[in-house]
Amino acid sequence: MRNTVNVGIILLAAAALAFLPAGSEVGAVASRTLSLAFILVFALGFSIAYRRFGSDFERLPGGVRALGLGAVGALVLTFAAWSRLLAGSGGLLTALLLLGCCGAALLIVWQRYRAIA
């Protein structure tokens, strides 16, 4: 019963966005708000992790630290430009390539961190 109510609420919200005047504008605002919230959670998580493991991160060699910070910055830029990346030709491939490279870079940093810890 509870699942049915939840599905009904979602369908009602979707119908409101589809059929009410200015519903698409409200949908765009909601989409931007959710995107900003996602980036905010990502940034707060990085901030908390840096406070918790900052001294360990500082013990890493400079190149590894630069690789880690560059990967985090590239992730933020990729998420911020996600809609523009998908709008162009080959954008999905570029976005996935960026995410894969950032993931590989963060994996290298994590392996170096585990080696000194």
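This report looks at the pockets and one surface patch of a predicted model.

## The largest pocket

Let's start with the largest pocket, which has a volume of about 390 Å³. Its lining is made up of 16 residues. If you want to find the middle of this pocket, look for F46, A49, F53, F57 and V109, the lining residues that lie nearest its centre.

Three helices each bring at least two residues to this lining: α2 (23–58), α3 (62–80) and α5 (91–116). Of the elements involved, α2 gives the most, with seven residues.

Next comes the second largest pocket, with about 170 Å³ of space. Around it you will find S31, R32, S35, L36, I39, F79, A80, W82 and S83. Two or more of these lining residues come from each of α2, α3 and α4 (82–87).

Here too, α2 gives the most to the lining, this time with five residues.

## A nonpolar patch on the surface

Finally, turn to the surface, where M1, V5 and I9 form a nonpolar patch. Together these three residues have about 360 Å² of accessible area.

One of them, I9, sits in helix α1, which covers residues 2–19. Is I9 buried or exposed? I9 counts as exposed because its relative accessibility is 53%, and the cut-off for exposed is over 50%.

How values were computed:
Residues numbered from 1 in each chain as written. Predicted model: local features only at pLDDT ≥ 70, side-chain atom pairs only at ≥ 80, totals over all residues. Heavy atoms only, no water. Patch = residues over 30% accessible without salt bridge, like charges linked within 9 Å, V, L, I, M, F, W, Y side chains within 5 Å. Areas by Shrake-Rupley, 256 points an atom, 1.4 Å probe, with all protein chains shown as cover. Salt bridge = Lys/Arg side-chain N within 4 Å of Asp/Glu carboxyl O. Helix = DSSP H or I, 4+ residues; strand = E, 2+ residues; numbered from the N terminus. Buried < 20%, exposed > 50% of the residue type's maximum accessible area, 1.4 Å probe, protein only. 1 Å grid on protein atoms, 1.4 Å probe; cavity = no way out; pocket = protein on both sides within 12 Å on 5 of 7 lines; lining within 4 Å. Points joined across faces, edges and corners; volume = space filled by probe spheres on them.
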